[in-house]
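Here's a quick tour of a protein chain, written for someone who likes to know the cut-offs behind the words. Have a look at the structure first, and then we'll walk through it.

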Amino acid sequence: MDITIEVKGLDQLEKNLQALPIELASKALVDSLVAGGNVLAVAMAALVPVGETHDGFHIANEIVVQVEKHPVGSAAEVYVGPSKRVAYRARWQEFGTAAHAITIKRKKVLAGKTDVFGTKVEHPGERPRPFMRTALQAAGAEAVEAIKVKLADGIQKAAAKVNKK
């Protein structure tokens, strides 16, 4: 499930960005998206429930910020969330799970560290513990502000480079 936020009211920054050469505009845009993404990543990492892992990777340590530039123009988008390595567990944390049966396929018996369950166990499910949506609600405005500040700074630096030439 992707959550998209469209920010409006940045008309002057957009005009200034479009006046720059594409390479400089793209760099300013990417840097600003990374700045906003980092704000959200810190909030997510702080809110993710921390517990035991079976694979040794904690979701809080696997929050990534990735920017994808569009092939035409200076448009880009940012992904902030769990890495592919832990995304399946993050989804369970965020949305919970329904009660379900776990049946073993490759082993002879299903066991934990101290308990032996047999060949089938009824899992009671897990309640949702949202951390991604909560982080977006808590730090979304701060992330947008970080994008604005970094973008304005990037535009100023790029304009200074253009004016030097």
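Let's start with Ala159, which counts as partly exposed because its relative accessibility is 27%. The scale behind that word: buried is under 20% relative accessible area, exposed is over 50%, and partly exposed is in between, using a 1.4 Å probe and protein chains only. Ala159 lies in helix H4. Helices here are DSSP runs of H or I with at least four residues, strands are E runs of at least two, and both are numbered from the N terminus. Ala159 is 137 residues away from Ile22 in sequence, and their C-alpha atoms are 12 Å apart in space.

Before going further, keep in mind that this is a predicted model, where local features need pLDDT of at least 70, side-chain atom pairs count only at pLDDT 80 or more, and totals for chains, interfaces and linings use all residues. Residues are numbered from 1 along each chain as its sequence is written, and side-chain values use heavy atoms, with hydrogens and water left out.

**The cores**

A nonpolar core here is a set of buried Ala, Val, Leu, Ile, Met, Phe, Trp, Tyr and Cys residues joined through side-chain atoms within 4.5 Å. The largest one has 15 residues, and the members touching the most others are Leu40, Met44, Ile59, Ile63, Val80, Phe131 and Ala139. Two elements, helix H2 (22–47) and helix H4 (132–164), each give two or more residues to this core. H2 gives the most, with 5 residues. Take Leu40: setting aside residues up to four places away in sequence, Leu40 touches Val80, Ala135, Leu136, Ala139, Gly140 and Ala143. Contact, here and below, means heavy atoms within 4.5 Å. There is also a second, separate core of 12 residues, with Ala25, Ala28, Leu33 and Leu151 among them.

Gly81 is found in strand S2 and counts as buried, because its relative accessibility is 0%. Beyond its neighbours within four places in sequence, Gly81 is in contact with Met44, Glu62, Ile63 and Val64.

**H1 against H4**

How do H1 and H4 pack? On the H1 side the contact is made by Leu13, Asn16 and Leu17, and on the H4 side by Lys148, Leu151, Ala152 and Ile155. Asn16, in helix H1 (residues 11–18), counts as partly exposed at 31% relative accessibility.

**H3 and its buried face**

Which residues of H3 are buried? They are Arg89, Ala90, Gln93 and Glu94. Seen down the axis of H3, the buried residues fall within an arc of 135°, so they line one face of the helix; the arc is that of the directions from the helix axis to the C-beta atoms. These buried residues pack against strand S2 (76–82) and H4. Gln93, in helix H3 (residues 87–95), has a relative accessible area of 14%. Leaving out neighbours within four places in sequence, Gln93 is in contact with Pro49, Ile59, Glu126, Pro128, Arg129, Pro130 and Phe131. After H3 comes Gly96, whose phi is positive, near 80°.

**A loop residue**

Val109 sits in the loop between strand S3 (100–103) and strand S4 (110–111). At 36% relative accessibility, Val109 counts as partly exposed. Apart from neighbours within four places in sequence, Val109 is in contact with Ile104, Val116 and Gly118.

**Some C-alpha distances**

| Pair | Separation in sequence | C-alpha to C-alpha |
|---|---|---|
| Asn16 and Leu47 | 31 residues | 36 Å |
| Gly81 and Ala60 | 21 residues | 9.7 Å |
| Val109 and Lys120 | 11 residues | 8.3 Å |
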